[in-house]
Amino acid sequence: MTDTLFTLLASLLVAMALVSIFTARHLIRRLLALNILASAVFLLLVLTARSAGGIDPVPHALVLTGIVVAVSTTAVVLALYLRRYGREPPC
Amino acid sequence: MLAIDVLLALAALATAGQCLLLPGLFRAVANLMAFGLVMALIWVRLDAPDVALAEAAIGAGITGALLLTAVGQLPASQRRLHPEHYRVPRWFITMAIIVVLVGGLLWVAMLELLNTGLANAGLAKEVAAALPESGAEHAVTAILLNIRGVDTLLEIAVMLGAVAVIWSLQPAIPPPALGGNYPGLTTLARWLHPLFLLTFCYFLWQGTHAPGGAFPAGAVLGAGGVLLLLTGSIGWMYRYGYNYLLRWLLAAGLLLFLVTALAGLLMTGSLYGLPPTFAGYFIIAIEVAAALSIALMLMTFYLFGRPGR
């Protein structure tokens with residue numbers, strides 16, 4: 001039951017974040033959507049780890065790596081954004 | 001327990017929805033941080049304590065601090081997410097239908113996969129068989145630092161690449177001038193820092209036999225360092241004279257990892273193949289180096305540019 005519920009949650013989050021990534025006007029909001037999409041995909045990965053007779057630790061390690069890569073992506077995108085929009089108003 | 005699950009799922013949906021739909025950049029970022037905390041609780045419910053620790057420190061803490069600082073640097077014209085008179089867009093219903101369709105399809109596919117496809121899949125048995133030779137008792141630490149150590153090595157390389165990209169873009173943002181508006185904050189940051197250090201050491205020590213390890217430890221130390229940067233307590237990082245030291249410290253984690261991988265190549269003939277007798281010592285050395293370099297890189301992300309000059 002827990003798995004079914006959280007699978008539904010992850011699927012809805014993936015769909016919401018995907019639609020936001022393609023339709024949002026503000027670039028920072030697309031970045032927020034990307035973060036939510038990453039969390040939802042991590043949730044799906046951990047859920048696949050649970051159903052395999054006992055808990056499979058490999059997806060957990062993958063997700064840990066993924067979280068750190070996601071925060072690196074966020075930092076790079078924010079630095080690019082500040083470089084473009086930090087001082088002057090946008091074109 | 002079902003009630004807690006439903007509550008957590010609703011809270012995650014609500015915070016994510018508010019983050020993606022409501023006007024106001026600050027509100028969206030605050031909702032993303034709340035979403036990170038809810039996700040950390042969900043990881044606990046799903047028996048993934050390592051992920052929960054890392055998510056609580058990185059997803060809710062450092063990502064939020066990065067976003068808030070960047071938003072604070074933007075001119076006022078960029079802070080608004082929508083024009084003045086915000087109204088629900090016309091294609092809202094279309095978007096809702098697309099969300100339900102895509103989400104439903106993915107849900108059905110995942111349920112199918114969970115119920116039929118994964119009965120005998122997974123690597124739990126293989127990991128359990130390799131665990132005694134890996135040098136760590138906790139499976140996730142053993143995978144991160146020995147069995148799939150190459151992944152972690154490349155991940156540190158990705159972080160170093162991110163630091164290089166950020167440094168090449170612009171000079172660093174100076175620490176915010178608090179100017180006596182928050183007299184307690186500097187003292188609080190200094191008093192709290194021993195606690196951050198204690199948590200860091202505890203996670204490192206615990207990592208070999210229980211949930212914890214390099215990633216949560218590095219994230220906690222990085223979060224404490226960001227707090228110190230915010231209050232302007234780490235002056236040396238901005239100075240030009242310390243630039244080379246900072247570069248070497250940033251590269252140290254990756255270099256030690258590479259040395260370990262090459263030592264494995266010399267001793268066992270395969271890249272990153274650690275001999276079982278010494279694996280425990282290697283793991284402790286890599287764990288400390290990886291945690292310190294993760295913490296330092298998370299702190300340099302917060303500068304948003306090249307320090308010095």
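**Before you start**

This is a predicted model: local features need pLDDT of at least 70, side-chain atom pairs count only at pLDDT 80 or more, and totals for chains, interfaces and linings use all residues. Residues are numbered from 1 along each chain as its sequence is written, while chains are lettered from A and ligands numbered from 1 in the order in which they are written. The mean pLDDT of chain B is 84, and 93% of its residues reach 70 or more. The model scores ipTM 0.92 and pTM 0.89.

**Stop 1**

You will find twelve helices and zero strands. Helices (H or I, at least four residues) and strands (E, at least two) are DSSP runs, numbered from the N terminus. The C-alpha trace spans about 70 × 60 × 35 Å along its principal axes. Of the 309 residues of chain B, 39% are buried. A residue is buried if 20 or more other C-beta atoms lie within 10 Å of its own, exposed if 12 or fewer, and partly exposed in between; C-beta atoms are placed from the backbone.

**Stop 1: helix α1 of chain B**

Select residues 2–21 of chain B. This helix has 20 residues. From first C-alpha to last it reaches 28 Å, close to the 28 Å expected at 1.5 Å a residue. The expected span is 1.5 Å times one less than the number of residues. Now pick out its buried residues: B:Leu8, B:Ala9, B:Ala12, B:Thr15, B:Ala16, B:Cys19 and B:Leu20. Look down the axis of α1(B): they fall within an arc of 135 degrees, so they line one face of the helix. That arc is taken from the directions from the helix axis to the C-beta atoms. On the other side, B:Leu2, B:Ala3, B:Leu7 and B:Leu10 are exposed. What do the buried residues of α1(B) pack against? Show α1 (2–23) and α2 (27–50) of chain A, and α2 (25–45) of chain B.

**Stop 2: where the chains meet**

Show both chains. Here 63 residues of chain A are in contact with 73 residues of chain B. Contact means that the C-beta atoms of two residues, placed from the backbone, lie within 7 Å. On the chain A side, α3(A) gives the most, with 22 residues.

**Stop 3: B:Gly103**

Select B:Gly103, in helix α5 (residues 92–117) of chain B. Is B:Gly103 buried or exposed? B:Gly103 counts as buried because it has 22 C-beta neighbours inside 10 Å. Leaving aside neighbours within four places in sequence, B:Gly103 is in contact with A:Ser11, A:Leu12, A:Val14 and A:Ala15.

**Stop 4: helix α8 of chain B**

Move to residues 149–169 of chain B. Helix α8 has 21 residues and reaches 31 Å, close to the 30 Å expected. Its buried residues include B:Glu155, B:Met159 and B:Trp167. The buried residues of α8(B) pack against α3 of chain A and α7 (139–147), α11 (243–268) and α12 (279–301) of chain B.

**Last stop: B:Ile62**

Select B:Ile62. Not counting residues up to four places away in sequence, B:Ile62 touches A:Val71, B:Ala57, B:Ala219, B:Gly222, B:Ala223, B:Val226 and B:Leu298.

Definitions and conventions
pLDDT = per-residue confidence, 0-100.
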